[in-house]
Amino acid sequence: MKYYVAKRAINVLFIVFAVSVIIFLLIRLAPGDPAITMAGEHASAVTLARMRTEWGLNKPLIVQYFVWLRHALRGDFGQSILTHQSVLVELVQRFPNTLELSIFAMTFATIIGVLAGIVSAVRRYSFFDYASMIVALFGVSMPVFWLAIILIMIFGIRLNLLPTGGRLGVMYSITPITHLYLLDSLLEFRFPAFLDALKHLILPSLALGTIPMAFVARITRSSMLDVMSQDYIRTARSKGLGEKAVIIKHALRNALIPILTAAGTEFAGLMGGAVLTETIFSWPGLGTYIVQAVSARDYPAVQGAVIFVALIVALVSLIVDIFYSYVDPRIRYE
Amino acid sequence: MKRTLVIALVLVLGVSLLAGCKPVAKQPVTFVFAKGDAVELDPADVTDGESVTVMNNIFEGLVRYKSGSTEVEPCLATSWDTSSDGLVWTFHLRKNVKFQDGTPFNADAVVFSYERQRDTNHPFHQYGKWEYWGWCFSEIAKTEKVDDSTVKITLSQPFAPFLSTMAMFTMDVVSPTNCDKWKDQWFAHPVGTGPFSFVEWVKGDHVTLEKNANYWGTEPKIDTLIFRVIDDPSSRYLALQKGEVQGMEFPNPTDLPKITQDSTLTVLSAPGLNVGYLAMNMGTDTPGFQKPFADVRVRQAINYAINKKDIVSQLYKGTAIPAVNPIPPTLWGYNDTVQDYSYDPAKAKELLKEAGYPNGFKTNLWAMPVSRPYMFDPKAIATAIQADLKQVGIDAEIVTYDWGTYLTKTEAGEQAMCLLGWTADYADPDDFLYVLLDSDAATVGSAGNVAFYRNATVHTLNKEAQMTTDLNKRIDLYKQVQQIVHDDAPWVPLAYATQTLVFAKNVKGFVLYPTGDYHFDTVSFDTSK
């Protein structure tokens, strides 16, 4: 087991390194440069050259990369060109926002997805099965920005039930402890603020969770169907077990591995910050940070953010891998 | 019995109705405005409009723009005098003004605010990049205290537009004690003398300000001013429809028709301090020079050949108005007697024939690779101009480079015609007419004047306007420059981009400034509806 974890960890490091090289080159290949974004119409060739020198952008690419890598290895992602602030500090400030939204969206996606999947599998070819699978198909194929706007128009404006965006209403303010607003408001015993934070979470979670939910529902259904036709299910039934026990104890447990994989991958993806959802709901997470950094061609910020996200995604999938090799000892990734 | 009951009921109802109308103790007014996030809140260390919007309400400078105009009026200085050689400006400061943290406002604060930007040995110089100081204030030699309420600023050369530059956010006065308290984190804890004081900034979410109870000027009408970060323009509009915010900036052009029709909203729109133009290269010493452009008739013909109105109405999607002069009509000194060249292809052909090009000629037209407010979609605009020129026989090939290369090459004059534009930082015709059209700015390799237009009279007038501090005299000089530029036609002025803000109907008192500044101290809104 130790050997396995070590091997996977080295794998993660290699992936992050590869990502760092790719993003370093990619952002520099994109047209436009930070000096021009900053100087705008003031840009005379002299001003631009001075700014580039100041940021070390006049050095050869390979030198720039190793200078950056040396600092990054010491945990120093450099200073944002746009805000003149430490990139790492800004990322750490924003990460809890993304984390809260991802956890909420994934909880919703998993509960609804797994339930719908089980019922569809048990009542195969029933009306519910067809309906939920059509909805799931719709969910996987729907563009998220469209869904987000529709949700805002229905629940935010027509029904006037939920806010259109942001994390908290303007009348509340929370002293951040964990930066997870739901938790912080409870820690301070501020229930109105808690309810308000919860309200702000619903629509973005729905928008963000729909695709993972649909995905989880489809995987659960097929995995359950697979398991339900196994001999041990027939054995369980023939020894007179109740249907409930058969499904929950025998079938679901064995069907769990692919579901876990699916949910884990989706969750890792969400943690990287959902660019579209965060933008539309003005959610100040990693996604909006990356958008801002890319549009300003803020090289240190883009590099830092992408590496940060790559690390998180890799870590989450590592944890999922370890977790299900634990759930099912037969599985070991080679 | 029944009757008494009815009367009693009516009475109760009546009283409760009255109670509803009576203004119960004044409710604090919270106003929420949707915009992008600030980057920093140190007025001297920012380059972006989103930060400036917030700081406009916290900080003040020695002078400011008159409400809704580009004319300068006293603010933290009550008056000023200039030495006869125009080098020394003495400002007399307003007395009994305090910063929001209680620090008295005086000459020391002014010297601190400016010297930290200029003097590389100043202990606070290390906390900022001070980009704008380098761009706009390099002519300031030093700032000195004369006495507690008098400050002397010495310039290295006489420069009348200096007064306009003093109204820029870069020259806002900051509280020295507060800077000292926060050191390098000061940018997140701003303290000025303005109508609103800073409460909190949750990055990426909102900035909260509250009414400065000790403000020296007119008391603001709203108690709490919140700038909520909503980056997506469509989401801003949704939040405004719902009433979560009472105002927003930069609506999506595609949403504009819907917004204009919405009777619950007010749209404010006016041209900003910018111009988008097509420049024709007249510099015989540049590599891109082509002979036809030396002839004024050819340049005028091109002005007649381009259907400017159609380009602006169809390609800018309602975010600009057609340009006539190099400076926008909202700037003082604008010459409204200049008659724009009409769209007249026949006249254009005639002029070309006179100039000796009856069958037109081959040339190139450079198009910017990036969209700017004054050049909404450069590629589409270039294509439209190309088609218009084709009509009169001129065959223009469209050329484009990445933005950095584009600027470097046009500054070196490698083009025959190019699209470009300018957004001014301070409201002075000098920032257009000198920077973009003077012979001083036409040095090959670093030209701001990419038409390489070198007119000796224009130069003399521009220089004279830089030396004189008499506003009426300056207006007169700049009007003359505009007429000459119009006749010489080194440009086709294309468009002035407008700034658009949308407010809920019950919001009153917001004034658009051509500089794009937002001041919320005059804003009120009726919360009873």
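1. Ground rules. Residues are numbered from 1 along each chain as its sequence is written, while chains are lettered from A and ligands numbered from 1 in the order in which they are written. Since you're looking at a predicted model, local features need pLDDT of at least 70 and side-chain atom pairs count only at pLDDT 80 or more, whereas totals for chains, interfaces and linings use all residues.

2. Confidence. The model scores ipTM 0.84 and pTM 0.86.

3. Chain A overall. Chain A has 14 helices and zero strands. Helices (H or I, at least four residues) and strands (E, at least two) are DSSP runs, numbered from the N terminus. The C-alpha trace of chain A spans about 85 × 55 × 40 Å along its principal axes.

4. H13 and H14 of chain A. Helix H13 (residues 286-295) and helix H14 (residues 299-327) of chain A have axes that come within 9 Å and cross at roughly 150°. Axes are lines fitted to C-alpha atoms, for helices over the stretch in contact, and angles run from 0 to 180 degrees between N-to-C directions. H13(A) and H14(A) are therefore roughly antiparallel to each other; the scheme calls angles under 35 degrees roughly parallel, over 145 roughly antiparallel, 65 to 115 roughly perpendicular and the rest oblique. The crossing is left-handed, which is the term if the near helix is turned anticlockwise from the far one by less than a right angle (right-handed if clockwise). On the H13(A) side you'll find A:Leu286, A:Tyr289, A:Ile290, A:Ala293 and A:Val294, meeting A:Ala301, A:Val302, A:Ala305 and A:Val309 in H14(A). By class, that contact has nine nonpolar, no polar and no charged residues. For the classes, Ala, Val, Leu, Ile, Met, Phe, Trp, Tyr, Cys and Pro count as nonpolar, Asp, Glu, Lys and Arg as charged, and the others, Gly among them, as polar.

5. H6 and H9 of chain A. The axes of helix H6 (residues 127-141) and helix H9 (residues 191-228) of chain A come within 8 Å and cross at roughly 135°, so H6(A) and H9(A) are oblique to each other. H6(A) passes H9(A) in a left-handed crossing. Residues of H6(A) in this contact include A:Ala136 and A:Gly139, and those of H9(A) include A:Ala214, A:Phe215 and A:Arg218. The contact divides into seven nonpolar, three polar and one charged.

6. The sheet in chain B. Four strands of chain B form an open sheet in the order E4-E5-E7-E6, with antiparallel pairing; two strands pair if DSSP finds at least two bridges between them. Strand E4 (77-82) and strand E6 (140-147) of chain B stand at the edges with a single partner strand each, so one side of each is left without a neighbour in the sheet. Neighbouring strands are turned by 20° against each other on average, direction ignored. Strand E5 (residues 88-93) and strand E7 (residues 150-155) of chain B pair over five bridges, and B:Trp89 stands opposite B:Ile153 in E7(B). Helix H3 (residues 107-118) of chain B packs on the sheet, touching E5, E6 and E7 of chain B. The direction of H3(B) makes about 165° with that of E6(B).

7. H14 and H15 of chain B. Helix H14 (residues 430-437) and helix H15 (residues 456-467) of chain B pack at an angle of about 140°, with their axes 11 Å apart. That makes H14(B) oblique to H15(B), and their crossing is left-handed.

8. Where the chains meet. The contact takes 33 residues from chain A and 36 residues from chain B. On chain A, the elements that give two or more residues are helices H2 (34-39), H3 (45-54), H5 (87-122), H7 (144-158) and H12 (275-280). The largest share of the chain A side, four residues, comes from H7(A). By class, the chain A side divides into 15 nonpolar, 14 polar and four charged.

Conventions
Contact = placed C-beta atoms within 7 Å.
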